[in-house]
Amino acid sequence: MKKEVGLFRPLRFDQLDLAASLLSNYELNDAFEIMNEKLSNELKGNVGRRKVINNITRVWSGGKKQPSNFQKNVLSRYCNANHDSKIAYQYLMTAIAFPFFRDTVNIVGKYLRMTGKISNAFLLKEMENSYGSAESVYKGTNAVVRGLIDWNLVDGMTEKGKLIEIDKLRISDEFLKQLIVKVLMEHYNTEYIQLDQLNEDAIFFPFNYHLSESYFDNLTNYEVIDDHSGKYVHMMGQR
């Protein structure tokens, strides 16, 4: 079965920020109309512009759909967050919306941890191994690369054609830590994940954070299970 890419345009902080603001303050149709107007000078074709808007809003509401209660909660918290936390919200919500994004940053994270850098060409080859050799895979990989650079989560300028590891973004927002758990459970399609893996998974390479067992004590939708193989976090109810 062919795996979906979904992403086709470079992710940008300003566009994702605009979408979040509009979806938080306007009815869905009004938010799309305003976004369409604001992007009309930059994106000339009506059909192409609508596709781009759908791609951007998929991060926050699944495209042209009313945001779910979970998404409304995220949008409310996002709009009150500082700039660094907004970057983390955008990254993590993109990871939830696009499995292709998760797969791509997982490879980026693994190689940055091993060598401190990864070439764009090598990254594309790795993604083609999983998704096939197609223009959509090239566009999707480029979208992720440009997004990481725009968010300032990697250095993409010092060495042409390479992504280089930089200082990590510190996460102190408690709700962002819950999103980290959700992203990883979505990625592995599970309700159980090892506590150590939550703190070490390559998907979260840009972030400096720590999830301790005690962190979950006051969260009603999680429990920590201790067995012979280690401690596991269990998400109770729907993911």
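**Close-up views of a predicted model**

View 1. The model shown here and in every other view is predicted. Strand E7 and strand E8 (residues 230-235) run antiparallel and are joined by six bridges. They belong to an open sheet of three strands in the order E5-E8-E7, with antiparallel pairing. Strand E5 (192-194) and strand E7 (222-227) stand at the edges with a single partner strand each, so one side of each has no neighbour in the sheet. On average, neighbouring strands of this sheet are turned by 30 degrees against each other, direction ignored. Helix H9 (residues 174-188) packs on the sheet and touches E5, E7 and E8. The direction of H9 makes about 95 degrees with that of E8.

**View 2. Here is another open sheet of three strands, this one in the order E1-E3-E2 with antiparallel pairing.** Its edges are strand E1 (117-119) and strand E2 (154-155); each has a single partner strand, so one side of each is left without a neighbour in the sheet. Two bridges join E2 to strand E3 (residues 162-165), and these strands run antiparallel. Look for Asp 155, which stands opposite Ile 164 in E3. Helix H6 packs on this sheet, touching E1, E2 and E3, and its direction makes about 125 degrees with that of E1.

**View 3. Leu 148 sits in helix H8 (residues 135-150).** Leu 148 counts as buried because its relative accessibility is 0%, where the cut-off for buried is under 20%. Setting aside neighbours within four places in sequence, Leu 148 is in contact with Tyr 91, Val 105, Val 108, Leu 153, Val 154, Leu 163 and Phe 205. Arg 12 is 136 residues away from Leu 148 in sequence, yet the two are 9.0 Å apart in space, C-alpha to C-alpha.

**View 4. Helix H2 (residues 28-38) has Leu 28, Ala 31, Phe 32 and Met 35 buried.** These four lie on the same side of H2, because they cover an arc of only 95 degrees around the axis. An α-helix has 3.6 residues a turn, so residues three or four places apart point the same way. The buried residues of H2 pack against helix H1 (13-25) and helix H3 (46-61). Turn to the other side of H2 and you will find Glu 33 and Glu 37, which are exposed.

**View 5. Aromatic pairs are the theme here, and the structure holds twelve of them.** Tyr 91 and Phe 101 form one that is edge-to-face, with 5.1 Å centre to centre and 80 degrees between the planes. This pair links distant parts of the chain: Tyr 91 is in helix H5 (residues 83-97) and Phe 101 in helix H6 (residues 99-115), ten residues apart. Tyr 91 and Phe 101 are both buried. Phe 216 and Tyr 222 also make an edge-to-face pair, at 5.7 Å centre to centre with 65 degrees between the planes. Phe 216 and Tyr 222 are both buried too.

**View 6. Trp 60, Tyr 78, Tyr 89 and Phe 175 come together in one aromatic cluster.** Arg 77 lies over the face of Phe 175, a member of this cluster, at 4.2 Å from the ring centre. Elsewhere, Lys 3 lies over the face of Tyr 131, at 4.4 Å from the ring centre.

Key:
Residues numbered from 1 in each chain as written. Predicted model: local features only at pLDDT ≥ 70, side-chain atom pairs only at ≥ 80, totals over all residues. Heavy atoms only, no water. Buried < 20%, exposed > 50% of the residue type's maximum accessible area, 1.4 Å probe, protein only. Arc of directions from axis to C-beta. Contact = heavy atoms within 4.5 Å. Phe/Tyr/Trp six-rings, centres within 6.5 Å; stacked < 30°, edge-to-face > 60°. Lys NZ or Arg CZ within 6 Å of the ring centre and 35° of its normal. Pairing = 2+ DSSP bridges. Axes fitted to C-alpha atoms, helices over the stretch in contact; angles between N-to-C directions.
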